[in-house]
Amino acid sequence: MSPISVKKNVKNWQPDMTRKESDSPWICHICDTKGQGESLTCSHCFMVACPQHIKHVTSYNPETGLYQLMPVCLDCAIRYAIQ
Ligand SMILES: [Zn+2]
Ligand SMILES: [Zn+2]
């Protein structure tokens with residue numbers, strides 16, 4: 001009987017593809033708090049902030065005609081006097 005052939009697919013070795021994008025680290029641009037996983041991004045300046053520095057404001061969307069909650073960082077909330 002022929003021996004069991006073991007194929008070593010070294011060339012086809014792939015890096016760890018199971019890493020989720022949601023595990024990527026983030027840092028709050030206001031207080032430099034570091035975190036990992038789901039991050040909150042300001043809808044005005046598109047910068048990441050921690051939950052303490054993101055507030056959700058009700059904003060009217062003329063395209064959909066609906067009010068929706070928009071994440072806004074405290075920087076922009078002060079800058080644009082958003083309540
Ligand atoms: Zn923060
Ligand atoms: Zn902002």
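# Close-up views

**View 1. Contacts of I54.** I54 touches L40, C42, A49, P71 and C73, leaving out residues up to four places away in sequence. Contact here means that the C-beta atoms of two residues, placed from the backbone, lie within 7 Å. The model is predicted: local features need pLDDT of at least 70, side-chain atom pairs count only at pLDDT 80 or more, and totals for chains, interfaces and linings use all residues. Residues are numbered from 1 along each chain as its sequence is written, while chains are lettered from A and ligands numbered from 1 in the order in which they are written. I54 sits in strand β5. Strands (E, at least two residues) and helices (H or I, at least four) are DSSP runs, numbered from the N terminus. Is I54 buried or exposed? I54 counts as buried because 21 C-beta neighbours fall inside 10 Å. The cut-offs, applied to other C-beta atoms within 10 Å of a residue's own, are 20 or more for buried and 12 or fewer for exposed, with partly exposed in between; C-beta atoms are placed from the backbone. C76 is 22 residues from I54 in sequence, and their C-alpha atoms are 9.6 Å apart.

**View 2. The largest nonpolar core.** Nine residues form this core: C28, L40, C42, V48, A49, I54, V72, C73 and C76. Strands β4 (48–49) and β6 are the elements that give two or more residues to the core. A nonpolar core is a set of buried Ala, Val, Leu, Ile, Met, Phe, Trp, Tyr and Cys residues joined through C-beta atoms within 7 Å. In soluble globular proteins, nonpolar side chains tend to be buried together. L40 contacts V48, A49, P51, I54 and P71, leaving aside neighbours within four places in sequence. Across the protein chain, buried residues make up 12% of the 83 residues.

**View 3. The β5–β6 hairpin.** Strands β5 (residues 54–61) and β6 (residues 66–73) run antiparallel and are joined by eight bridges. Strands pair if DSSP finds at least two bridges between them. Which residue of β6 is the bridge partner of K55? The partner is V72. Four residues separate the two strands of the hairpin. In the turn, G65 has a positive phi of about 70°.

**View 4. Positive phi at D32 and F46.** Most residues other than glycine have a negative phi. D32 has a positive phi, near 65°. F46 also has a positive value, near 60°. Where do they lie? D32 is in the loop between β1 (25–27) and β2 (34–36). F46 is in the loop between β3 (40–41) and β4. D32 is exposed, because 8 other C-beta atoms lie within 10 Å. F46 is exposed, with 8 other C-beta atoms within 10 Å.

**View 5. P25 in strand β1.** P25 is exposed, since it has 10 other C-beta atoms within 10 Å. P25 touches K34 and Q36, not counting residues up to four places away in sequence. S39 is 14 residues from P25 in sequence; C-alpha to C-alpha, the two are 8.4 Å apart.

View 6. The chain holds one helix and six strands. Among contacts with a separation of 6 or more, 31% join residues 24 or more positions apart.
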